Amino acid sequence: MQRVRFEGGSAPGTAFVTGAGSGIGQASAVRLHQLGYRLGLFDRDADALDKTAALLRDGAESVCVVGDVTSPEDLREAVDTTRERVGTIGACAACAGIEVLGPFTETTADQWSKVMAVNLMGVVNTAQAVLADLQASRGAFVAISSDAGTQGFAQWTAYCASKHAVIGFIRAMAVEFGPMGLRSNVVAPSMVETAMAERIFAEIGPDGMVATTKSIPMARLACAEEIAAVIVHLLSPEASFTNGLVYAVDGGETSGIVG
């Protein structure tokens, strides 16, 4: 049997982050940058990407590319640009996502198509675009699911379906590419203090916000930096034997019912 000795990891390389213009993606990009990673930042919102870039210190080795995760061509071009400008990608965080709320009977086919295109196929497209780099570098891939990816929520059928699918996809990636040294993991947060949460609470109202908070044993929402810390850990060499994990960062919400 071959024995592998863990030496504590190596110097950071290049990381690629989708949804880097805001929320968890932005927080992940900032944390990766602080640790010395070179960055490829991808988002459909150019102004948001500029705000993320402004959070990085002067002289940062990073490249910002505007595009849509529903477009395999946009992602391939972004990955090519990142490789050419800052090096072969060894870590990827797929953070882009959207929400769709409402009764199942009122959720349209277009809404179903859109949420699956972004939340599931956006992750698939990202994985396909970075796969060759990650295989070459024996790197790591992390996708964002949700507590809605491990349980069901009324009024969230399309969103739940998309986030459950992300977990299935990543588990299959872990099995298929783990033997080649490529690690694939999922982070599944509960509600996080982001612009998406603000939109959701504006829709469900104050009572919904109170109910959401009460469902979490720690009695608060997460901040984006707390989720980013887990993402960056899973991308790092310190997590070298972590593969196929669904990491719930939810304050204990999925552990049971708060009395």
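**View 1. Helix 1 meets helix 2 through Gln-26, Ala-29 and Val-30 on one side and Lys-51, Thr-52 and Leu-55 on the other.** Contact here means heavy atoms within 4.5 Å, and helices (H or I, at least four residues) and strands (E, at least two) are DSSP runs, numbered from the N terminus. The model is predicted, so that local features need pLDDT of at least 70 and side-chain atom pairs count only at pLDDT 80 or more, while totals for chains, interfaces and linings use all residues. Residues are numbered from 1 along each chain as its sequence is written, and side-chain values use heavy atoms, with hydrogens and water left out. The axes of helix 1 (residues 23-34) and helix 2 come within 10 Å and cross at roughly 30°, which makes helix 1 roughly parallel to helix 2. Axes are lines fitted to C-alpha atoms, for helices over the stretch in contact, and angles run from 0 to 180 degrees between N-to-C directions; angles under 35 degrees count as roughly parallel, over 145 as roughly antiparallel, 65 to 115 as roughly perpendicular and the rest as oblique.

**View 2. Helix 4 (residues 109-137) and helix 5 (residues 157-177) have axes that come within 8 Å and cross at roughly 20°.** Helix 4 and helix 5 are therefore roughly parallel to each other. Among the residues that make the contact are Trp-112, Val-115 and Leu-131 of helix 4, together with Tyr-159, Phe-169 and Phe-177 of helix 5. The residues of this contact of helix 4 with helix 5 divide into 17 nonpolar, four polar and one charged, where Ala, Val, Leu, Ile, Met, Phe, Trp, Tyr, Cys and Pro count as nonpolar, Asp, Glu, Lys and Arg as charged, and the others, Gly among them, as polar.

**View 3. Seven strands form an open sheet with parallel pairing, in the order 3-2-1-4-5-6-9.** Two strands pair if DSSP finds at least two bridges between them. Strand 3 (62-66) and strand 9 (246-249) stand at the edges, each with a single partner strand, so one side of each is left without a neighbour in the sheet. On average, and with direction ignored, neighbouring strands of this sheet are turned by 15° against each other. Helix 2 (residues 46-55) packs on the sheet, where helix 2 touches strand 2 and strand 3, and the direction of helix 2 makes about 165° with that of strand 3. Helix 4 lies across strand 1, strand 4 and strand 5, and runs at about 160° to strand 4.

**View 4. Strand 4 (residues 89-94) and strand 5 (residues 140-144) pair in the parallel sense over four bridges.** In this pair, Ala-91 stands opposite Ala-140 in strand 5.

**View 5. Val-17 is found in strand 1 and stands opposite Leu-41 in strand 2.** Strand 1 (residues 14-18) and strand 2 pair in the parallel sense over five bridges. Val-17 is buried, with a relative accessible area of 0%; buried means under 20% relative accessible area, exposed over 50%, and partly exposed in between (1.4 Å probe, protein chains only). Strand 2 (residues 38-43) is mostly covered, since five of its six residues are buried. When residues up to four places away in sequence are not counted, the residues that Val-17 touches include Gly-25, Leu-32, Phe-42 and Ala-93.
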